[in-house]
Amino acid sequence: VYGVLHIVNFAHGAFLTVAMFGVWLAWSQLGLDPYLSMILLVPAMAALGYAAQRWVIGPASRGSDNSILLVTLGLSIMIENGLLAIFRSDTRTIDTDYAFQVVEAGPLLLSFPRVVGLGAALVTAVVLWLILNRTDIGRAIRAVAKEKLGASLVGIDVAHVYAVTFAIGSACLAVAAAL
């Protein structure tokens with residue numbers, strides 16, 4: 001979000017916490033493997049990110065980039081306290097059968113979860129690159145990042161692009177939480 005739109009999103013860490021609790025709930029309540037929980041969490045977190053930017057952060061900041069800092073900080077505090085009220089401050093962990101498995105790569109013994117994490121990070125990076133460089137919304141995001149007023153003048157809906165960018169960032173948080 002910062003790299004593309006040059007906006008500091010203080011709520012980003014709080015959204016990551018929401019995603020991690022989503023992974024934990026999918027595991028504890030649905031019996032879903034943390035890696036498989038991405039199937040549910042990526043679209044859910046993308047929708048949450050889109051909604052937060054479109055209907056909370058954007059209107060509350062009134063289009064001023066300076067106000068976005070305060071709005072996202074306030075949103076972060078609200079999310080964190082809401083999670084604290086719901087889940088309390090107890091520590092939670094996820095125990096999987098493969099947590100301590102290793103992958104042999106010649107003389108190296110690599111942790112299976114870290115190998116999966118590396119693979120998923122590479123896939124996520126490629127998907128982000130494809131979105132930003134090969135799609136219309138990617139071109140719109142890059143145009144808004146380069147020149148917001150110019151993008152608006154050629155018909156790009158800047159508010160929608162901001163919301164989509166927040167949605168993509170939140171979807172990436174879901175991947176990170178599951179890993």
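**Exercise 1. Work out what share of the chain's contacts, at a separation of 6 or more, comes from residues 24 or more positions apart.**

Solution. Start with the term: a contact means heavy atoms within 4.5 Å. Among contacts in the protein chain with a separation of 6 or more, 66% join residues 24 or more positions apart.

Before going on, a word on the ground rules. This is a predicted model, where local features need pLDDT of at least 70 and side-chain atom pairs count only at pLDDT 80 or more, while totals for chains, interfaces and linings use all residues. Residues are numbered from 1 along each chain as its sequence is written, and side-chain values use heavy atoms, with hydrogens and water left out.

**Exercise 2. List the elements of the chain in order, and describe its box and surface.**

Solution. Helices (H or I, at least four residues) and strands (E, at least two) are DSSP runs, numbered from the N terminus. The protein chain has eight helices and two strands. Read from the N terminus, the order is α-α-α-α-β-β-α-α-α-α. Next, the box: along the principal axes, the C-alpha atoms fill roughly 55 × 40 × 25 Å. Last, the surface, by the Shrake-Rupley method with a 1.4 Å probe: the accessible area is about 10,500 Å², and carbon and sulfur atoms own 66% of that.

**Exercise 3. Find how β1 and β2 pair, and which residue is the bridge partner of Ala105.**

Solution. Two strands pair if DSSP finds at least two bridges between them. Here β1 (residues 102-105) and β2 (residues 108-111) have four bridges and run antiparallel. Ala105 is bridged to Leu108 in β2. Two residues sit between the strands of this hairpin, and Gly106 in the turn has a positive phi of about 70 degrees.

**Exercise 4. Check the span of helix α4, then find its buried residues and what covers them.**

Solution. The expected span is 1.5 Å times one less than the number of residues. Helix α4 (residues 65-87) has 23 residues and so should span 33 Å, which agrees with the 33 Å between its end C-alpha atoms. Buried means under 20% relative accessible area, exposed over 50%, and partly exposed in between (1.4 Å probe, protein chains only). By that rule, the buried residues of α4 are Ile68, Val71, Thr72, Leu75, Ser76, Ile79, Leu83 and Phe87. An α-helix has 3.6 residues a turn, so residues three or four places apart point the same way. The cover over the buried residues of α4 includes α2 (12-30) and α3 (38-61). Just past the end of α4, Arg88 has a positive phi of about 60 degrees.

**Exercise 5. Classify Thr165, Ser170 and Ala44 as buried, partly exposed or exposed.**

Solution. Take Thr165 in helix α8 (residues 158-178): its relative accessibility is 7%, so Thr165 is buried. Leaving out residues up to four places away in sequence, Thr165 touches Val1, Val4, Leu5 and Ile141. Ser170 also lies in α8, and Ser170 is buried because its relative accessible area is 4%. With that sequence cut-off of four places, Ser170 touches Met45, Ala46 and Gly49. Finally, Ala44 belongs to α3 and is partly exposed, because its relative accessibility is 40%. Ala44 and Ser170 lie 126 residues apart in sequence, while their C-alpha atoms are 9.0 Å apart in space.
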